[in-house]
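Open the structure in your viewer and follow the stops below in order. Each stop says what to select and what is found there.

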Amino acid sequence: MDRTLEFKELIAQYCDVAAEDLTEDMRFREDLDFSSLGFMSFLGDIEDTFDVELDQEQALKVITVGDALDMFNDLVEA
Amino acid sequence: MKKEYELTAAQNMHYQWIREYKTQQVSGVSIVASIKSPLDFGLLKKCIELETERYGCLRLQFTKPDKKGNIKQYIVDKYKADIPVKDFTGMSLKEADDIMQSMAYETLDGDDRPMCEIMMVRLAEGYNGFFIHMDHRLIDSCGIVVMVNDIMQLYTHYRFGAEYPQDLADFEKVLENDLKKANSEKRFAKDKKFWDDQLDALGEPLYSDIQGTKVLEAARKKHKNPKLRAADIERKELFVAVKDYVLEPDPTKWLMHFCMNHQLSMTNLLLLGIRTYLQKVNDGQEDITIENFISRRSTHDEWTSGGSRTIMFPCRTVISEDTDFLSAAYEIQNIQNKIYMHSNYDPALIVEEMRKRYKTPADTSYESCYLTYQPMPVRMDNPFLKDIPMHSKWFANGAATKKMYLTVSHTENGGMNFSYHYQTKCLTEKDMELLYYYMMRILFKGIAEPDMTIGEIIKAV
């Protein structure tokens with residue numbers, strides 16, 4: 001599966017928007033209704049699913065789907 | 001052959017309380033949900049039976065403890081217990097509630113047996129519904145709300161032709177996934193590191209009590225250790241009383257607006273209110289720990305699979321009196337966010353680590369206050385039942401493992417209910433009154449003047 005789509009599939013497990021309808025400008029809290037717990041669990045899931053190590057301080061600055069994708073792509077391409 | 005699973009950390013938390021306090025009563029959870037409308041009890045029974053098929057956690061049973069006292073869980077194919085109708089129409093709602101309250105004190109003893117009892121109820125004033133008494137290892141309060149709604153959606157489907165409710169997530173699949181995560185060595189190491197790092201950075205926690213420093217002083221005398229930082233837990237007399245206070249809709253809105261405007265969660269604001277009170281009555285103590293319950297439900301599957309996903313973690317903050325209110329709130333939020341990320345961890349291991357490091361006496365603790373914030377009201381969210389008055393109530397199980405356990409929930413009219421469960425052996429209603437009074441004074445002073453320091457707020461209230 002395309003890596004971006006796989007990443008969006010993971011986001012879709014936490015919200016009411018289907019993976020294919022997620023756009024990069026969507027904000028996790030305001031648009032996708034993520035709670036603090038949901039967002040932090042999602043970060044943990046990124047680590048477990050893709051076997052990457054997030055920088056927590058940087059991850060906490062993520063606001064939009066695009067921010068999360070950029071952070072994720074930087075990690076897997078590093 | 002039945003497939004057996006070990007307990008999850010959340011289930012194990014309840015099981016360890018049962019073992020420590022030697023009664024299943026500490027793990028009881030009961031609720032009545034009713035509407036002011038005639039109900040077809042034959043149909044309601046069918047819907048409840050259907051729910052036991054849809055919601056796998058209702059069919060959960062436990063094995064007999066092994067030689068070490070450990071148990072396993074398994075899911076039976078069919079819920080076999082009877083679902084009788086109980087008639088309470090000859091008495092007031094209050095009298096019926098009192099009877100159901102006494103039923104909530106009953107224990108579900110034994111192994112390899114259903115851990116859930118359901119009965120349908122006819123109540124006074126035309127209310128009809130059902131009462132459920134079960135073990136917390138099967139379900140938590142969010143799970144109960146989902147279940148109540150699902151039963152009524154099934155009922156309105158068959159009765160009024162409403163849409164059939166969507167499938168609920170497979171409890172067993174979610175359980176397997178949870179256990180897989182818990183057994184992941186990499187995840188475990190990350191979580192353990194987070195909790196160990198906190199102890200490395202801050203050292204041994206320090207007990208703080210609702211009644212002030214005298215409690216820790218008494219523990220220091222009892223254990224003949226003037227440097228002791230933990231205080232005793234009541235193990236024998238577990239009777240709990242409940243005192244509820246309702247915050248009106250307008251002030252509730254002010255709190256919610258403050259949270260929204262400052263991107264804060266209500267849990268963190270409440271934690272700040274409690275910890276500032278503890279700081280005030282414990283001679284300005286800066287190092288405060290409060291146990292906070294979190295319901296680990298984030299994904300769709302976690303929301304609808306039932307099960308017991310609520311687990312408590314210590315929220316420890318060291319906040320000096322010259323920190324302003326808003327910065328203190330963010331400090332709590334920062335630590336809570338990190339805790340959320342490491343909430344797969346078994347909190348029993350945190351306690352074990354502290355015992356190992358600090359050699360605290362048995363039956364002592366660093367915390368006197370426990371908080372649960374429930375954003376979900378117990379309400380039947382069903383368009384076919386709109387405008388029909390409802391009567392629902394959570395019943396305390398009557399045995400507290402915790403000195404003071406505050407549950408904050410939202411009321412139907414937009415207010416908030418502060419429900420203080422307290423061990424009567426140690427605390428009185430007056431203690432709860434003071435705690436609520438000062439919590440409110442602190443919170444409203446803080447949201448009105450968020451630049452005020454914690455020290456200034458403590459003095460002002």
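Two strands count as paired if DSSP finds at least two bridges between them. Keep in mind throughout that this is a predicted model.

**Stop 1: a sheet in chain B**

With that definition, select strands S8, S15, S14, S12, S9 and S10 of chain B. Taken in the order S8-S15-S14-S12-S9-S10, these 6 strands form an open sheet with mixed pairing. Which strands lie at the edges? They are strand S8 (240-247) and strand S10 (310-318) of chain B, each of which pairs on one side only. Looking across this sheet, neighbouring strands are turned by 20 degrees against each other on average, direction ignored.

To see one facing pair, pick B:Lys243, which stands opposite B:Tyr420 in S15(B).

**Stop 2: the whole of chain B**

Zoom out and select all of chain B. Its secondary structure comprises 14 helices and 15 strands. The radius of gyration of chain B is 22 Å, close to the 23 Å that the globule rule gives for 461 residues, so chain B is as compact as a globular protein of that length. Its C-alpha trace spans about 65 × 55 × 40 Å along the principal axes. Of the 461 residues in chain B, 43% are buried. Among contacts in chain B between residues at least 6 apart in sequence, 77% link residues at least 24 apart.

**Stop 3: two domains of chain B**

Colour residues 9-175 of chain B as domain 1 and residues 184-460 as domain 2. The C-alpha centres of these two domains of chain B lie 27 Å apart. Where they touch, 57 residues of domain 1 are in contact with 41 residues of domain 2. Which helix gives the largest share of the domain 1 side? H4(B) does, with 12 residues. By class, that side of domain 1 of chain B has 34 nonpolar, 18 polar and 5 charged residues.

**Stop 4: where chain A meets chain B**

Finally, show both chains. How many residues does each chain bring to the contact? Chain A brings 13 residues and chain B brings 13 residues. Select helix H2 (residues 36-50) of chain A: with 9 residues, this helix gives the most to the side of chain A that touches chain B. The residues on that side of chain A divide into 6 nonpolar, 6 polar and 1 charged.

How values were computed:
Residues numbered from 1 in each chain as written. Chains lettered and ligands numbered in written order. Predicted model: local features only at pLDDT ≥ 70, side-chain atom pairs only at ≥ 80, totals over all residues. Contact = placed C-beta atoms within 7 Å. Helix = DSSP H or I, 4+ residues; strand = E, 2+ residues; numbered from the N terminus. Nonpolar A, V, L, I, M, F, W, Y, C, P; charged D, E, K, R; others polar. Axes fitted to C-alpha atoms, helices over the stretch in contact; angles between N-to-C directions. Rg over C-alpha atoms; globule rule 2.2 N^0.38 Å. Buried ≥ 20, exposed ≤ 12 C-beta atoms within 10 Å, placed from the backbone. Domains from an automatic or database assignment.
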